[in-house]
Amino acid sequence: MRLLKTLIPGDIAAGLMLTGKYFGKVFFSANRKKVRAHLKHFTQEYPEIPVRLAPRFRGRLTLLKDEQGEIKCVCCLACEKICPTQVITIEKGKMEGRKMPYPVRYDFEMERCIFCEFCVESCGFDSIILNHQFELAAYNREDFSLGMEGLGQNMFAPSPVGKYSVAED
Amino acid sequence: MPPMTLLQTIAMGLIQIVAVLIVVFIMVPLLTFAERKVIGYAQVRLGATRTAGGRKGFTASLNRGMWAMGKVPVLSFFRGLPVFVADAVKLITKEDIIPAKADRAVFTLAPILSVVAAFGVFSAIAYYPGVMFYMPKSWPLIGGLPFNGAIADVNVGLLFILGLASVGVYGIVLGAWASNSKYPLLGGLRSAAQIVSYEVPLTLSLLPAVILAGTLNFKDMSVILSTGQGMSPLAVIPLFIGFFIYTTCGFAETNRVPFDLPEAETELVAGFHTEYSGMKFGFFYLAEYANMIVVSCLATAFFFGGYYLLPFGLQRIIPASVPFLGHPSFLFFMAKVSLLLFVFIWVRATLPRYRYDQLMDVGWKYLIPLSLVNLFIAAVIRYAF
């Protein structure tokens, strides 16, 4: 029986069938542009095609606004207190027609940030989020000091450097 | 037609040699590229898809130009086909290092021996039975001369091929010894033991084909075995078994996975070519892939139907009156060789490496008895039916 099993290599054939199946699947999906959405392979062709990230990917810190365009942050300073590297600095202020305090300044020093997401977890008002942006390199140290003003250093908009990474939600 | 003069014979021979060499030199880099892609696809990834340049020189200026045009500076067309050119260029331009304590003469001789043995075999392989085409009449000296399907139609072609192919192991053993280093030496010893062991079932698995065909000429053997003329229909059985024994031994002869013990990187760094670099390593690489092509050619010609459509002598089902399918064709031969080369890569993507004692077990305990039984079956079929 053992001899017969050795002479007829069924397990080798099974292994070949498995790899052959995967070869066929990837071969017929990877080389056709039309079926890009149903790709069978795990390789991500990053610069040309935006990366598929996990939903919990921790990118750059972003301030959120509500439907009326109001800043959601109420300056409870929970994020500032919990931050292990102390990269967040908030200055409280008052605004007409708004009960809650309003952040006059919300500074974020990204060069020291460790992207631990403690700030987002501590936030009781869902007013900040780590977006899906990972292309955060810059040429000047000043570009890492983010605030509520400016173009390239704006805490509300995704960074203009990231050409290929997904910045939604 | 008048008999060819000496000059004409030499000229035609050179033309044929150059033609075969060009085909092989194109096929080998393509094969390395195919290997990357096929293994990649089988493992649910993409393999090499792009070629990026360096930071200096010609490729760097290309890169800067592409950045200036607003494009990502990688060559990614045809799913990464430029990779095979880059591979070849890298091998040729790399620094060639000879270790200080190495035996310089033997160290240089070894890859040459390997490559010569691998390429010499191509001279006796017939790619088409008879004349492929005639040279144009208007050409001087060689006008109207036949371009044969084989460079040399050797009377005992099979012996020539087997003899020359087994010279290749000298390249590995000599290179391993001349490196003056322990890992190459161990790899070389393993390789010698492995190839000597597997030479026996390899030759024994070809003997049924010789018995059934009754000749040693490569072209005649291939034609008789695939058309099955003068053979019993039962001859399919030994040919079928022989095909599997031969391909298994072929994997071992060419040091391919699952029998690539000479280059088991977990134990022996890179085996016999650890100390080699540059084009000397490229020669070993070239020889390995050329050997793969040779093994595929032999398996195709003797067992897999050769220049005809159907394998294992089943071609008699299709009468010769059928256009194209009933006739021998160079395309059938190349298609079958490509299929077998694909199987080589496919097996590499699937199977892990055998242990050394398992390798010897497979060779001595199973393949040699099996091929002897197969030889007996073939002899019975030849003389009883």
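1. A residue counts as buried under 20% relative accessible area, as exposed over 50%, and as partly exposed in between (1.4 Å probe, protein chains only). At 53% relative accessibility, A:Asp126 therefore counts as exposed; A:Asp126 lies in the loop between helix H4 (118-122) and strand S4 (128-130) of chain A, and has a positive phi of about 50° although it is not a glycine.

2. This is a predicted model, in which local features need pLDDT of at least 70 and side-chain atom pairs count only at pLDDT 80 or more, while totals for chains, interfaces and linings use all residues. Residues are numbered from 1 along each chain as its sequence is written, and side-chain values use heavy atoms, with hydrogens and water left out.

3. A:Leu77, in the loop between strand S1 (61-63) and helix H3 (78-82) of chain A, also deserves a note: its phi is near 65°, a positive value in a residue other than glycine. With 25% relative accessibility, A:Leu77 counts as partly exposed.

4. In chain A, an open sheet of three strands runs in the order S2-S3-S5 with antiparallel pairing, where strands are DSSP runs (E, at least two residues) numbered from the N terminus and pairing requires at least two bridges found by DSSP. Strand S3 (residues 102-109) of chain A pairs with S5(A) over two bridges, and A:Phe108 has A:Leu146 in S5(A) as its bridge partner.

5. In chain B, helix H6 (residues 182-213) and helix H7 (residues 218-227), helices being DSSP runs (H or I, at least four residues), pack at an angle of about 80° with their axes 9 Å apart, the axes being lines fitted to C-alpha atoms over the stretch in contact and the angles running from 0 to 180 degrees between N-to-C directions.

Note on methods. Chains are lettered from A and ligands numbered from 1 in the order in which they are written.
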